[in-house]
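Open the model in your viewer and colour it by chain. This tour says what to select at each stop and what is there.

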Amino acid sequence: MGKLAQREGLGPGGKTGEVIAQTLVEKFPQDVKITKATQNRVFATVNKPAWLNVAAFMKDALDFDHVTAVSGVDWLEEKKMWVVYHITSYANRVTAELIVELPRDQLEIDSISNLWGGANWHERETYDMYGIVFLGHPRMERILTPDGTDYFPYRKDFVGGRRV
Amino acid sequence: MAEMWLNMGPQHPFTHGLWNLRVKLDGETIVDADPIVGYLHRGWEKLAENRMYPQIIPMADRLCYGASMSWEHLYCNTIENMMELEVPDRAKYIRTIVLEAQRIGSHLMWLAALGTDLGSYTIFLYSVRERELFLDLMQNLCGARMTYNYCRIGGVRNDVPANFERDFDRVLTHFLNRMNDLESLMDRSSVFRLRMEDTGVISGEQARNLGVTGPNLRGSGVEYDVRKDDPYEVYGDLDFRTCFEKEGDSFARYRVRMDEMRESCNIIRQAIKRMPKGPYRLKPPRNAPKGKTGWAHVEDPRGEGFMYVIGNGDDHPYRLKVRSPIFVTVSAAPVMLIGYKIADVPAIMGSVDMCLGETDR
């Protein structure tokens with residue numbers, strides 16, 4: 001991995017996952033909890049109020065430049081939902097998995113599509129499937145389901161049929 | 001002159017599937033664009049939640065019939081990461097070989113489609129003819145031409161057939177000769193270059209920010225390849241280069257894919273030479289622990305494919321998220337289209353390599 005970090009064409013780089021995890025915890029001691037960090041992976045949970053600040057810090061100071069995915073997860077029994085962000089740094093070749101937990105009766109979170117344009121459709125899809133509203137998103141509309149859909153199909157309490 | 005919105009699609013020859021591109025025109029110039037997808041939405045992720053882990057493999061094939069090996073491999077890789085399985089070495093090599101053969105097949109299918117978009121049936125016929133050889137190789141390997149159902153959680157379904165190395169060697173030698181024909185057919189065609197050069201320009205900075213991945217990103221000068229920079233299977237042990245171009249136009253994206261096909265031949269040759277003997281599959285556990293997560297990302301022929309899975313304590317996944325590279329790339333279509341003429345749309349969107357099965361899921 002050390003050899004890779006010196007390759008040309010990708011900016012400065014050189015921060016490992018451990019360093020990034022350390023920096024995040026020092027900057028946001030209250031709000032970021034690292035569950036695991038290796039050379040090219042960071043796993044963390046982030047408190048919802050601090051999420052936009054954490055994301056902006058990752059973009060500006062830690063060279064994260066690509067949103068791989070935004071996924072919703074419905075934990076029906078625990079009455080909560082997760083929004084799971086996978087964000088990649090091309091320069092450092094590190095992918096971070098950040099979990100933000102939302103209570104199921106207040107499904108709102110700050111949008112990051114003004115930081116990374118690539119998150120735009122991911123967030124729209126998560127809204128479409130789970131009803132999680134991304135505040136500040138330029139166009140919070142349904143994307144995959146047909147016009148007039150009035151339910152959120154990937155929620156666990158929506159049962160569309162079951163295989164026996 | 002009054003501006004107008006024009007629907008290109010859902011039924012339009014350039015769409016390569018079922019999607020709608022709304023473009024706002026001032027005369028012939030595009031001033032705004034709005035891609036609309038979802039016509040092929042099947043609720044793939046919800047369907048997966050109601051199936052056992054092995055039952056999802058053939059479903060993953062159907063995410064993109066043009067590159068099904070890539071998707072079923074990604075699925076198996078994700079589940080292996082969650083279950084913390086170490087795949088036997090021989091299976092890793094076999095997977096690498098078939099993934100690269102699939103990449104060549106997929107790129108040839110793209111080239112054929114691009115040829116028809118630009119009105120050249122010769123390109124279509126030549127590239128489909130070469131693709132047939134790779135489909136034959138796959139058929140020899142697993143009996144299917146397009147939806148293979150070949151990868152398994154913990155390995156591959158069967159060992160390679162007799163004369164596997166010889167057949168691959170013959171096809172690659174033949175194909176590399178044909179590549180020269182294909183390239184001279186297009187690179188020296190003034191019509192082709194006129195329509196591809198300086199159209200659909202997207203800068204490296206924009207492509208990076210908008211989540212464009214794969215050959216489309218490398219066409220804009222960003223030298224990032226998951227195979228090289230976050231190696232999976234045996235890519236870390238093989239010697240190959242990341243193909244990229246600086247221009248960021250349609251022609252650059254075309255050049256990247258052509259170079260990648262040569263590079264894939266190189267990878268296959270190396271992998272066949274180093275392939276060890278031994279088991280090709282292990283017996284995976286039936287169930288995954290509740291709440292355990294795993295994810296993997298791979299270099300799909302179209303970009304960065306990604307899956308994220310959560311176990312449920314039984315033999316069904318609790319959640320299976322799929323990231324489709326083209327779903328994100330098409331959201332950047334307005335950047336590539338605005339400012340160009342409406343006649344450039346087929347060339348620009350053709351150079352992106354659309355696949356609607358994975359976009360809509």
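Two strands count as paired if DSSP finds at least two bridges between them. Helices (H or I, at least four residues) and strands (E, at least two) are DSSP runs, numbered from the N terminus. This is a predicted model: local features need pLDDT of at least 70, side-chain atom pairs count only at pLDDT 80 or more, and totals for chains, interfaces and linings use all residues. Residues are numbered from 1 along each chain as its sequence is written, while chains are lettered from A and ligands numbered from 1 in the order in which they are written.

**Stop 1: a strand pair.** Select residues 41–46 and 94–103 of chain A. These are β2 and β5, which run parallel and share six bridges. Now pick V42(A): its bridge partner in β5(A) is A96(A).

**Stop 2: the whole sheet.** The order is β1-β2-β5-β4-β3, an open sheet of five strands with mixed pairing. β1 (32–37) and β3 (66–75) of chain A have a single partner strand each, so one side of each lacks a neighbour in the sheet.

**Stop 3: a helix.** Select residues 17–27 of chain A. This is α2, lying across β1, β2 and β5 of chain A. Contact means C-beta atoms, placed from the backbone, within 7 Å.

**Stop 4: the interface.** Show chain B. The contact takes 28 residues from chain A and 30 from chain B. On chain A's side, β3, β4 and α4 each supply at least two residues. β3(A) gives the most, with six.

Technical notes. Two residues are in contact if their C-beta atoms, placed from the backbone, lie within 7 Å. Axes are lines fitted to C-alpha atoms, for helices over the stretch in contact, and angles run from 0 to 180 degrees between N-to-C directions.
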